[in-house]
Amino acid sequence: MELVGWECVGMERIKAAVIGSGLIAQARHIPALLEMKREVSLVAICDKNEELARKTASQFGISKAYGSTTEMFSKEKFDLIDICVPPSSARRCCGGVNPAWLPCDDGEANGT
Ligand SMILES: NC(=O)c1ccc[n+]([C@@H]2O[C@H](COP(=O)([O-])OP(=O)(O)OC[C@H]3O[C@@H](n4cnc5c(N)ncnc54)[C@H](O)[C@@H]3O)[C@@H](O)[C@H]2O)c1
């Protein structure tokens, strides 16, 4: 594997999902992940407000939208899950999953 800046030549792209389709996801996290398109493939978005998840997916060209994390994790596996929900929901919504990376917009969710 050869590292060229942030790009890893010869590696498959990181398969990512975003949980939460609200303000911070739309304004910051989704655009940032899409900007890293050589390294990251953003394939799914989940929000308990499924209509919002669908609208956001359509707006940003994300192929799948889910209304629950249980459903999303039962159907797909991800390398990276970007959590954009309030701290009160963050721990719960990722219970039982173990992606390689788990960034979160709020440090409380991962105990930091
Ligand atoms: N907005 C900001 O500028 C900002 C800045 C720094 C940190 N944050 C952090 O990000 C969090 C989210 O901010 P926001 O402005 O996007 O809030 P928001 O209310 O606009 O969006 C949160 C979304 O999460 C969804 N959600 C909640 N629980 C869920 C669950 N269990 N499963 C799936 N979806 C769920 C909600 O339906 C909502 O659409 C904040 O609570 C804060 O911790 C926000």
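The paragraphs below go through a sheet, a helix beside it and the surroundings of a ligand.

The model is predicted: local features need pLDDT of at least 70, side-chain atom pairs count only at pLDDT 80 or more, and totals for chains, interfaces and linings use all residues. Residue numbers start from 1 along each chain as its sequence is written.

Strands of a sheet pair through backbone hydrogen bonds, either parallel or antiparallel. Here an open sheet has 4 strands in the order β5-β4-β3-β6, with parallel pairing. The edges are held by β5 (64-66) and β6 (80-83), each with a single partner strand, so one side of each has no neighbour in the sheet. On average, neighbouring strands of this sheet are turned by 30° against each other, direction ignored. Strands (E, at least two residues) and helices (H or I, at least four) are DSSP runs numbered from the N terminus, and two strands pair if DSSP finds at least two bridges between them.

Strand β4 (residues 40-46) runs parallel to β5 and is joined to β5 by 3 bridges. Within this pair, I45 stands opposite A65 in β5.

The ligand is surrounded by 22 residues, of which G20, G22, L23, P86 and S89 are the closest. A residue is near a molecule if its C-beta atom, placed from the backbone, lies within 6 Å of it. The elements giving two or more residues to this shell are α1 (23-35) and α4 (87-93), and α4 gives the most, with 4 residues.

Conventions. Axes are lines fitted to C-alpha atoms, for helices over the stretch in contact, and angles run from 0 to 180 degrees between N-to-C directions.
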